[in-house]
Amino acid sequence: MKPVVTLLLASVLFVAGCQSLPDQPSGTKNVSAIPESTSSGTVFLSAQHCLSEYVRDLAKVHYGPCLKIISVDGEPPQVSSDGFIELPVATSATIGTSCVYRHADGSPIPATMETTDFRITPQTFRKPGERWYLHAHKQARQIIGCEPTLSRSKSPTYKTD
């Protein structure tokens with residue numbers, strides 16, 4: 001009976017000791033595979049995103065426009081390895097974008113490329129750690145021009161089926 005109590009007490013002390021250890025050694029940078037854990041005061045905006053929509057009548061995918069962020073407040077964006085840009089919550093920024101439409105095979109149509117700015121206000125991003133997508137437009141089909149639309153979803157805001 002005494003060895004069982006000793007083993008149980010040793011296990012409890014070991015677990016308690018492990019839980020009291022710091023997350024990382026002091027002076028080292030947090031290098032996490034999960035972007036949300038890198039900074040508590042930021043949101044994550046997809047640096048590049050293409051819209052597409054499945055057309056049931058034709059049984060095929062319609063390739064909509066693609067949007068790429070080309071600047072944040074006039075500077076080239078710092079894109080992480082997972083394709084997102086970190087932006088601080090509750091601040092203003094001007095996002096420079098480039099939009100291009102695509103052929104039926106998904107390749108870009110260079111003659112359709114246009115640039116436009118998208119303004120972010122202090123009210124745009126209120127909750128840190130969220131992922132956002134900037135779409136070239138609200139839908140993937142039957143549209144003209146580059147009208148950036150912010151969304152929490154990868155899918156178009158409106159379906160055109």
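Which residue in strand 7 does Leu45 stand opposite? Leu45 stands opposite Trp132, and the rest of this report builds the picture around that pair.

A few notes before we go on. This is a predicted model, in which local features need pLDDT of at least 70 and side-chain atom pairs count only at pLDDT 80 or more, while totals for chains, interfaces and linings use all residues. Residues are numbered from 1 along each chain as its sequence is written, and side-chain values use heavy atoms, with hydrogens and water left out.

## Overall layout

The protein has 1 helix and 8 strands, where helices (H or I, at least four residues) and strands (E, at least two) are DSSP runs numbered from the N terminus. Along the sequence the pattern reads α-β-β-β-β-β-β-β-β. Of the 161 residues, 33% are buried; buried stands for under 20% relative accessible area, exposed for over 50%, and partly exposed for what lies in between (1.4 Å probe, protein chains only).

The accessible surface comes to about 10,500 Å², and 58% of it belongs to carbon and sulfur atoms. Accessible areas come from the Shrake-Rupley method with a 1.4 Å probe, and for residues only the protein chains shown count as cover. Among contacts between residues at least 6 apart in sequence, 57% join residues at least 24 apart; a contact here means heavy atoms within 4.5 Å.

## Strand 1 and its partners

Strand 1 (residues 42-46) has 5 of its 5 residues buried. Both of its faces are covered, with Thr42, Phe44 and Ser46 on one side and Val43 and Leu45 on the other. Strand 1 pairs with strand 4 (residues 84-88) in the antiparallel sense over 5 bridges, and Ser46 has Phe84 as its bridge partner there. Strand 1 is also joined to strand 7 by 2 bridges, and these two strands run parallel. For pairing, DSSP has to find at least two bridges between two strands.

Strand 7 (residues 131-135) also holds His135. With 0% relative accessibility, His135 counts as buried. Its side chain makes a polar contact with the side chain of His49 at 3.3 Å. A polar contact is a pair of N or O atoms within 3.5 Å; within protein, one must be able to donate a hydrogen and the other to accept it, and residues adjacent in sequence count only if both atoms are side-chain atoms.

Another group of 4 strands forms an open sheet in the order 2-3-5-6, with antiparallel pairing. Strand 2 (48-55) and strand 6 (114-120) stand at the edges with a single partner strand each, so one side of each has no neighbour in the sheet. Neighbouring strands of this sheet are turned by 25° against each other on average, direction ignored. The axes behind that angle are lines fitted to C-alpha atoms, for helices over the stretch in contact, and angles run from 0 to 180 degrees between N-to-C directions.

Strand 5 (residues 93-100) is joined to strand 6 by 7 bridges, and Ile95 stands opposite Phe118 in strand 6. Thr97 also lies in strand 5 and counts as buried at 0% relative accessibility. The side chain of Thr97 reaches the backbone oxygen of Thr116 at 2.8 Å. Leaving out residues up to four places away in sequence, Thr97 touches several others, including Leu67, Leu134, Cys146 and Pro148.

## The nonpolar core

The largest nonpolar core has 19 residues, and those with the most contacts inside it are Ile69, Leu87, Ile95, Ile120, Phe125 and Leu134. Two or more residues each come from strand 1, strand 3 (60-72), strand 4, strand 5, strand 6 and strand 7. Such a core is a set of buried Ala, Val, Leu, Ile, Met, Phe, Trp, Tyr and Cys residues joined through side-chain atoms within 4.5 Å. Beyond its neighbours within four places in sequence, Leu87 is in contact with residues including Val43, Leu45, Ile95, Ile120 and Phe125.

Most residues other than glycine have a negative phi.
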